[in-house]
Amino acid sequence: MKRIATAALLLLLAVVSTVYCQDNMLNEYINEGLSSNHALNQKKMDYSISLARLKESKALFFPDIDINARYTVAEGGRVIEFPVGDLLNPVYSTLNMLTGSAQFPTVENQSFNFYRPREHETKVSMIQPVFNSDIIYNYKINREYSEIARADIDLYKRELVKEIKTAYYNCCKALSLLELADSSIVLVNENLRVSRSLFNNDKVTIDVVYRSEAELAKAEAFRAKVLNMCESSGAYFNFLLNRPLETEFIPGETQEVLPADDLEQSQQDAIRNRNELQQLKNYMAAGEYAVRLEKGDRLPDLTAVVNYGYQGEEYRFTSDDDFVLASLVLQWNLFQGLQNKHTIARRKLELDKLRETYSEAEKSIKMEVLNSYYSLISTCEETKAARKQKLSAVKAYRVVSKKYEQGQANLLELIDARTTMTEAKSGLINSLNNYFISRAVFECARGDEFIQ
């Protein structure tokens, strides 16, 4: 496999006259598409939402501080009986008898309302989680999901860049074919003029003129077909850029550059750069945290609570009315009907499934890079052959055209030479733009990042 890849790379480097190129106009189109695409903007919003959710989970690590004020006016309600007379009067009676005096008076039983007629409480409460496994692992899970959302943006951007490049080169192909159709019509009209001249000079029969007129109609039909291709490809290109569909397409100038890296290096780059694999890694990390989250439910939660405030019947804030309460609250769920055990088992199975998915995705990406790489090699070779074919066809047509004007070649020979030349030019246009499209697909498969 390495020998095949090396040979293919050498073949690609040998065809430097028809290799990949990217112009400034295309870069401007890509930047425009990345900034205006609705779906991409929605994914950016999803990422912003995930960051906000991450900040929410991070805020749970900080204390919760509240101010609570209460003023109560009460009337009626429960009455508490306190038999102070029944308890003290026998004692007082005995003391009076022993002392022969009346120093100890009779005391009545007392009763008072449970609710005080007026009461206020104003306090500041602080609740600080000391240890809470749910808060810790929920934060880590949300952090992984925010990375997944960010990778989703990069993934969509890479696919969008590929689509814009493909649409761009399809538009370039259509415009080139339209120019070819126009030039073909010019040639056919000239052939028709020559045919009529030869007929008028009794050098050919009328059927030669009719055949030239038929060839003109055929060329005009081809132009109509290509014009429809221009309209449809241009509309789709404008759709990708979120522009009015009828906006004029302006191609840019291209500059030739050499392709880089061999197949093995490209596959390694893809494994390192592809956002799909990074997303799967984040999903696996989130899955591991989810397992720890369920295991963490077996541990106690510890919370510190501090209250400082004022209480009393009158609304006043003095040192005689203030109070402080500090507590450590421990909560430990000892049994949930084995629910945690089964949940942990399910989470582990989901994690194993993600590992299998990652392994399969890794192989699939390597295969995608391999296919796009050899497709690039193939289109490059086709372009080299098409260029040679075009040069030969143009030379042959020039020779046959001069012979036809001099009456030394018949119309069939001229038509055959012109058709061969047109097909050769069309083949070069198709193969060249197909190479550019293959290059865009290869870059996408390799995970190249577009630099704005």
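Which residues does Ser426 touch, not counting residues up to four places away in sequence? Ser426 touches Leu177 and Leu180; contact means heavy atoms within 4.5 Å.

This is a predicted model, where local features need pLDDT of at least 70, side-chain atom pairs count only at pLDDT 80 or more, and totals for chains, interfaces and linings use all residues. Residues are numbered from 1 along each chain as its sequence is written, and side-chain values use heavy atoms, leaving out hydrogens and water.

The protein chain has ten helices and six strands. These are DSSP runs, numbered from the N terminus: helices are H or I with at least four residues, strands E with at least two. Of the contacts with a separation of 6 or more, 86% join residues 24 or more positions apart. The accessible surface comes to about 27000 Å², and carbon and sulfur atoms hold 55% of that. Areas come from the Shrake-Rupley method with a 1.4 Å probe.

Two residues, by place and accessibility:

| Residue | Place | Relative accessibility |

Buried means under 20% relative accessible area, exposed over 50%, and partly exposed in between. Buried residues make up 37% of the 452 residues in the chain.

Arg298 also belongs to a positive surface patch, with Arg292, Lys295, Lys341 and Lys348. Helix H8 (275-296) and helix H9 (339-405) each supply at least two of the patch residues. Patch residues have over 30% relative accessible area and no salt bridge, with like charges joined within 9 Å. A salt bridge is a side-chain nitrogen of Lys or Arg within 4 Å of a carboxyl oxygen of Asp or Glu.

Technical notes
Patches are made of residues with over 30% relative accessible area and no salt bridge: like charges are joined within 9 Å, nonpolar side chains (Val, Leu, Ile, Met, Phe, Trp, Tyr) within 5 Å. Lys and Arg count as positive and Asp and Glu as negative; His and the chain ends are not counted. The place of a charge is taken as NZ of Lys, CZ of Arg, CG of Asp or CD of Glu. Buried means under 20% relative accessible area, exposed over 50%, partly exposed in between (1.4 Å probe, protein chains only).
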